[in-house]
Amino acid sequence: KPLPFFVSQTRLLFPEVGPRAVGRAGAMLDSLFIITASGGYVVERHFRGTTPRLACEPLVERLRSEEHLEGLPGVMCVNRRQALIHILREKMVFLAVVTQEEPPLAVFELLDRVYQVLLRYFGEVSEDSLRQNFSTVYLLLDEMIDSGLPFTTELNSLESIIAPPSTMGKVVQAVSGSSSHVLSDVPPDATGQGGPLSSLTSALGGSTHTQIGGASAEVWWRRQNVVYASNEVYVDIVESVDCICNSNGQIISGGVSGDVLVNSKLSGLPEVLLTLRNPGVMKNVSFHPCVRLHRYERDKALSFIPPDGEFALASYWLPDTTLNLPFHFSASVTYHAEHGKIQISANPKMAVTMQHKQMLIDKFVVNVRLPAHICGANLACQGGNIRFDEDTNIVVWSIGKLSGQENKAEGTLTYSSDFKDGSPLIPSEEKCTAQLAFVIKGWSISGIRLDSCDVSGTNYTPYKASRYTTASGRIDWRLA
C-alpha cells in the first residue's frame with residue numbers, strides 16, 4: 001500500500017552528512033531484528049558489526065506500553081548514530097537498524113519482502129513457525145541480504161537455492177542425519193542415481209536432486225525443467241481503495257493501489273501475453289523483471305515468460321478523487337443536553353450493482369470512534385449486528401453482505417459526568433470519523449479489465465481463468 005506522504009518524504013538525518021559520510025562503504029541495513037508484539041526477540045541478524053539490543057529498547061518499550069501498535073511511527077531516530085525503521089505484520093515486528101542516510105521507503109520495501117518470503121515458505125509468520133524453522137530463516141536472510149544490501153529477493157530464485165520445509169525433507173534429514181535445506185548444484189552421478197536415499201525419497205514422492213539456477217541466463221527467474229500434469233494459469237487483479245471523504249460523501253483525497261497477481265503452473269518455457277482493457281490506469285506502475293518493457297511501451301500489452309508459481313506481475317497506484325464507490329453511506333453524531341444520538345445507514349448503489357451483476361459487496365464493517373466523554377451507548381440496527389466497545393470507545397457495526405435491503409443503525413449515547421459537580425461532559429466541539437471496511441468480489445473500481453490471455457511456445461492447451469477483487473484500504477469518512 002502507498003505510505004503517507006510525510007513518510008515517503010522522510011530523510012534520516014544524522015550528524016555526519018558531509019563527504020566523509022558519502023564516501024563510506026554503503027549498506028542499507030546494519031542489523032535486522034524480528035520481534036514479537038510483546039517485545040520478545042525471535043530473530044536477529046547483523047550485517048555490519050553487532051548492534052546491541054539496547055539500541056532497540058526505545059521501540060521495545062513502546063511495544064510493551066502501547067495498546068494500538070498500528071499507531072507507532074515507522075521511523076524512529078533514537079540517538080545521534082542510529083535510526084529504527086520497522087513494519088508490523090501478523091503481530092510480528094520486522095525492525096531494521098540503520099546508521100547511514102537511507103530512503104525509508106526502500107527499507108520498508110525490503111522488510112516487507114522479507115516478510116513475504118517467510119510467509120511463502122512457512123505459511124504463517126509467528127514466533128512458533130520461526131523457531132521451528134530457525135536454520136531456514138537464517139539461510140534465507142543470508143541469501144536475501146548481503147552486507148546490508150538487497151541481493152536475491154525473487155521467490156522463485158530463493159526456492160531453487162533453499163528448499164521450503166516439507167515432511168519429506170524432515171524424514172530424509174532424520175534418516176541421513178544431515179540437513180537438506182540447501183539444494184545442490186552438482187549433477188547426479190554417472191549412473192543417474194542420487195545416492196543411498198534415492199529409493200526413500202522416490203517412495204515418498206520427492207525428488208533426490210534439484211539443480212540451482214534458472215532456465216537460462218536470460219530467464220533467471222524461472223526454474224529449470226518445470227513439468228505439470230495439468231497446465232493452468234490464473235490472473236487476479238486485486239485493488240485497494242484509500243481515501244478521505246467529507247460528510248457529503250465527496251472524496252477529498254485518495255486513490256487506488258492495485259496488483260496484477262499471477263499463479264502460473266505451466267510446463268516448459270511458455271510465453272504469456274496479457275492484453276488489458278483500459279491500460280491507461282497503469283501509469284504509476286512497477287513490473288516484475290520478467291515483463292518485456294519495450295513491448296508494453298509499444299503495445300500496452302504484458303508479454304513475459306512467467307516464474308513458476310505465484311508472483312506479482314505488476315503493481316500500480318492511481319490517484320483519483322472522482323472514484324465512484326458502489327454504495328451510499330451516511331452517518332451523524334449529534335449532542336443534546338441529556339444524551340447524544342448516532343445514526344448510520346449503508347446501502348448499495350443500484351445503478352452500479354445492476355450494471356455489474358456479478359458484483360458482491362461482502363464483509364462490510366463500520367467503525368465509528370466516539371469522543372472520550374462518551375461512556376456508554378444503547379444501540380439497535382436493521383441488518384447485521386452492532387455493539388459498543390467501552391475499552392476503545394468505538395461503535396462496531398458488522399453488516400456482512402451489503403444487499404438491496406435498507407441497512408440502518410441508531411442509538412443514544414451516554415455522557416460521562418464531571419467528578420466535581422456531577423454535570424454531564426458534553427463533547428460538542430469534537431468531531432467523529434467512521435472507518436469503513438469491505439471486500440467486493442467480481443469488480444475492479446478502476447475499470448481495468450483483462451481482455452485476453454494467450455499462451456504460446458508450448459504443445460499443450462492450458463486452462464486459463466481470471467478474477468477481480470476490490471477491498472478497502474483505509475477509508476476515513478468524516479461525520480456531520
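# Buried rings, packed side chains and paired strands

Q: Are Phe304 and Phe311 buried or exposed?
A: This is a predicted model, in which local features need pLDDT of at least 70 and side-chain atom pairs count only at pLDDT 80 or more, while totals for chains, interfaces and linings use all residues. Residues are numbered from 1 along each chain as its sequence is written, and side-chain values use heavy atoms, with hydrogens and water left out. Buried stands for under 20% relative accessible area, exposed for over 50% and partly exposed for anything in between, with a 1.4 Å probe and protein chains only. By that cut-off, Phe304 and Phe311 are both buried.

Q: How many aromatic pairs does the structure hold?
A: Rings of Phe, Tyr and Trp (its six-membered ring) pair if their centres lie within 6.5 Å, and planes under 30 degrees apart count as stacked, over 60 as edge-to-face and the rest as tilted. On this basis, the number of aromatic pairs in the structure is 13.

Q: What is the angle between the planes of Phe304 and Phe311?
A: A pair of aromatic rings is described by the distance of the centres and the angle of the planes. Phe304 and Phe311 lie 6.4 Å apart, centre to centre, and form an edge-to-face pair whose planes stand at 75°.

Q: How many residues apart in sequence are the parts tied together by the pair of Phe327 and Phe364?
A: The ring centres of Phe327 and Phe364 are 5.1 Å apart and their planes meet at 85°, so this pair is edge-to-face. Phe327 belongs to strand E14 (residues 327–335) and Phe364 to strand E16 (residues 360–369), so the pair ties together parts whose separation in sequence is 37 residues. Strands here are DSSP runs of E with at least two residues and helices are runs of H or I with at least four, both numbered from the N terminus; the separation asked for is 37 residues.

Q: What is the relative accessible area of Leu111?
A: Leu111 sits in helix H4 (residues 104–122), where it touches Leu32, Ile85, His86, Ile87, Phe94 and Ala96, not counting residues up to four places away in sequence; contact means heavy atoms within 4.5 Å. Although Leu32 is 79 residues away along the chain, the C-alpha atoms of Leu111 and Leu32 are separated by 8.8 Å. Leu111 counts as buried because its relative accessible area is 0%.

Q: Which side chain does a polar contact of 2.8 Å join to that of Asn231?
A: Asn231 is found in the loop between helix H9 (198–203) and strand E8 (232–245), and it is buried, with a relative accessible area of 13%. A polar contact is a pair of N or O atoms within 3.5 Å; within protein, one must be able to donate a hydrogen and the other to accept it, and residues adjacent in sequence count only if both atoms are side-chain atoms. At 2.8 Å, the polar partner of the Asn231 side chain is Ser267.

Q: In E23, which residue is the bridge partner of Val233?
A: Two strands pair if DSSP finds at least two bridges between them. E8 pairs with strand E9 (residues 251–265) in the antiparallel sense over 14 bridges, while 13 bridges join E8 in parallel to strand E23 (residues 463–478). Within E23, Val233 has as its bridge partner Lys464.
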